[in-house]
Amino acid sequence: MKSGLSALGVLVVLTVSACGQGAAGQAAVPAADGAPAPAPSTSAPAPDRGVDPCTLLDPKDRSTAGINVLGVAKEINGARACDWTVPATFGVTITVDEKNGLADLEVARKTATKTKVGGRNALKVADANAADGTCAVLLGMGEKASVQIDVSNTNFTDTPLACERAVTVAGLAEPKLP
């Protein structure tokens, strides 16, 4: 996944390298003009959209996806994210990008496949030639937002398995998106 991904590549590299590293949650931002403050959350959802990446996989979803750990809230390139690392197996990171829709993401054509998840346009991104055990599914969330599901196998092998896991997680998270 190294070549041709520009901004997305940076995000994927940061995501893969961040797997397993803890991060403190962000403080909730109080609402202006006397409006009620958003409900507290360990991953500090944005008051305007409220898509909290750590809530996109409930306990049943995590079990279905083979994830037996809780997610850790973090920020990647200014976007809210949640990271689940299954020791000695694989890691999943879900990133909510509220500034870039699918059309805005720069993805190398040779690594991306157009697909649908639920009724939503999506891209599956994996470099079969690299065989690096990583795969991403990018879900459109309106014209100017997207959700990225990144999977990396701990041993950085078996890209098809990483894609299978990414597609499974995307299918579980997609119905919870606006």
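**Close-up views of a predicted model**

View 1. R165 is found in helix α3, which spans residues 159-173; helices (H or I, at least four residues) and strands (E, at least two) are DSSP runs, numbered from the N terminus. The model is a predicted one, in which local features need pLDDT of at least 70 and side-chain atom pairs count only at pLDDT 80 or more, while totals for chains, interfaces and linings use all residues. Residues are numbered from 1 along each chain as its sequence is written, and side-chain values use heavy atoms, with hydrogens and water left out. R165 is buried and yet has no salt bridge, the nearest side chain of opposite charge being that of E164, 6.9 Å away. Here buried means under 20% relative accessible area, exposed over 50%, and partly exposed in between (1.4 Å probe, protein chains only). A salt bridge is a side-chain nitrogen of Lys or Arg within 4 Å of a carboxyl oxygen of Asp or Glu; for charge, Lys and Arg count as positive and Asp and Glu as negative, with His and the chain ends not counted. When neighbours within four places in sequence are set aside, R165 is in contact (heavy atoms within 4.5 Å) with T89, F90, V151 and N153.

**View 2. The disulfide between C54 and C82.** The structure holds two disulfides, a disulfide being a pair of cysteine sulfur atoms within 2.5 Å. In the pair formed by C54 and C82, the sulfur atoms are 2.0 Å apart. This pair links distant parts of the chain, with C54 in the loop between α1 (6-18) and α2 (59-64) and C82 in strand β2 (residues 79-86), 28 residues apart. The torsion about the S-S bond of C54 and C82 is about 100°, so this disulfide is right-handed. Both C54 and C82 are buried.

**View 3. The disulfide between C135 and C163.** The sulfur atoms of C135 and C163 lie 2.2 Å apart and form a disulfide. Distant parts of the chain are linked by this pair, for C135 belongs to strand β6 (residues 134-140) and C163 to helix α3, 28 residues apart. Because the torsion about the S-S bond of C135 and C163 is about 100°, the disulfide is right-handed. C135 is buried, and so is C163. With bonded cysteines counted along the chain, the disulfides follow the pattern 1-2, 3-4.

**View 4. The largest nonpolar core.** A nonpolar core is a set of buried Ala, Val, Leu, Ile, Met, Phe, Trp, Tyr and Cys residues joined through side-chain atoms within 4.5 Å. The largest one has 33 residues, of which I67, V92, I94, L139, V147, I149 and V169 touch the most other members. Two or more residues each are given to this core by β2, β3 (90-97), β6, β7 (146-153) and α3, and the largest share, seven residues, comes from α3. Residues up to four places away in sequence not being counted, V169 touches L57, A65, I67, V92, I94 and I149. Another core, of seven residues, lies apart from the largest one and includes L102, L105, L123 and V125.

**View 5. Gln148 in strand β7.** Q148 is found in strand β7 and is buried, with a relative accessible area of 5%. The side chains of Q148 and D150 are joined by a polar contact of 2.6 Å, a polar contact being a pair of N or O atoms within 3.5 Å, of which, within protein, one must be able to donate a hydrogen and the other to accept it, and residues adjacent in sequence count only if both atoms are side-chain atoms.
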